[in-house]
Amino acid sequence: MVISSMNFKGGAGKTMISTNLAVAFAMLGKKVVIVDTDESFASTKWAARREDAGHEPVIPVMQMIESKTIVSTVRNLSENNDIILVDGPPRLNALVSKIILLSDLVIVPVPPKSGNDREVTEDFLEEFDAVQERRPDGERTAAYLLPNMVKEGYNLHKAFIQSLPQLCEDYQVGLFDNHLGDLVAFGESNQFGLGVVEQSGKAKQQLTALVQEIEKLSINY
Ligand SMILES: Nc1ncnc2c1ncn2[C@@H]1O[C@H](COP(=O)(O)OP(=O)(O)OP(=O)(O)O)[C@@H](O)[C@H]1O
Ligand SMILES: [Mg+2]
């Protein structure tokens, strides 16, 4: 199964999702690999910190910023891995449409902060929709928005989340029931090469619930 995390919004949580899902699925006994398609190589650096700290299991990461070979590379990886997590680039480039097409599931982290978060997410959804329309097989890639960095009890965030079903309807994408809170543990997991499921607390609970929701999605792969 190929799960990519994508949004043109920088800092939305793409790398956080790839690295945390990688650890979570690995701990469920799945063979996982991350494909790092962002030139800043944040997933690669996270995995290096993980390895330096001696955390097990080691999460393999492959860098891939070459659009010509990404499809064949991911196909080859699919033969030997259960879950391939593609950490997407933060802007439209030649890789984006290919990543969308080769994904079984596209997770779109959406930070409900303020400013242009929604517009930039819409830019991604426009591109997602355009890619679907060009598909010769008439199928659609499953894509789900994931509210990330949500502050509980913050009315602005609540209103933002309440506006998402309409956005999902407009672009024919899904919305996860689960949200990820704005929690220190997510930042720390990045810094220390960990997954939040390796620590106890709210972030672990939220990520575990997200994994369960992903497993329940009826996605053919
Ligand atoms: N739910 C969260 N709570 C707290 N911090 C978070 C959360 N999600 C992500 N972060 C932190 O926010 C920062 C940005 O997240 P991340 O690097 O995953 O975003 P990104 O979309 O991959 O960014 P880029 O576009 O630069 O690749 C990181 O420092 C990360 O640890
Ligand atoms: Mg990133």
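Where is Q172 found? I looked it up, and Q172 is in the loop between α6 (155-171) and β7.

**Entry 1: ground rules.** I am reading a predicted model, in which local features need pLDDT of at least 70, side-chain atom pairs count only at pLDDT 80 or more, and totals for chains, interfaces and linings use all residues. Residues are numbered from 1 along each chain as its sequence is written, chains are lettered from A and ligands numbered from 1 in the order in which they are written, and side-chain values use heavy atoms, with hydrogens and water left out. The helices (H or I, at least four residues) and strands (E, at least two) in my notes are DSSP runs, numbered from the N terminus.

Entry 2: Q172 is not a glycine, yet its phi is positive, about 55°. I noted Q172 as exposed, at 54% relative accessibility. I found F41 in the loop between β2 (32-36) and α2, and at 23% relative accessibility F41 is partly exposed. Next I came to the cis peptide bond that joins E56 and P57, with omega about -5°. P57 has its place in the loop between α2 (42-53) and β3 (61-63).

**Entry 3: aromatic rings.** How many aromatic pairs does a search of the whole structure find? I got three. The rings of F8 and F124 have centres 5.3 Å apart and planes at 85°, so I wrote this pair down as edge-to-face. The rule I used: rings of Phe, Tyr and Trp (its six-membered ring) pair if their centres lie within 6.5 Å, and planes under 30 degrees apart count as stacked, over 60 as edge-to-face and the rest as tilted. F8 lies in the loop between β1 (2-5) and α1 (14-27) and F124 in helix α5 (residues 117-133), so the pair ties together parts 116 residues apart in sequence. Both turned out to be buried: F8 has a relative accessible area of 14%, and F124 is at 0%. The rings of Y144 and F176 have centres 5.1 Å apart and planes at 40°, so that pair is tilted. This pair links distant parts of the chain, with Y144 in strand β6 (residues 142-150) and F176 in the loop between β7 (174-175) and β8 (180-181), 32 residues apart. Y144 is partly exposed at 21%, while F176 is buried at 2%. I also saw that ring pairs link F8, F124 and F128 into a cluster.

**Entry 4: ligand 1.** Which residues are the closest to ligand 1? I listed K14, T15, M16, N148 and G181, out of 17 that surround ligand 1 (a heavy atom within 4 Å). Helix α1, strand β6 and helix α7 (184-191) each supply at least two residues of this shell. A backbone N or O atom of G11 lies 2.9 Å from an oxygen atom of ligand 1, and for M16 I read 2.8 Å.

**Entry 5: a residue in α1.** I17 has its place in helix α1 and is buried, with a relative accessible area of 2%. I17 and D87 are 70 residues apart in sequence, but I read 8.2 Å from C-alpha to C-alpha.

Key. Buried < 20%, exposed > 50% of the residue type's maximum accessible area, 1.4 Å probe, protein only. Polar contact = N/O pair within 3.5 Å; in protein donor to acceptor, adjacent residues only side chain to side chain.
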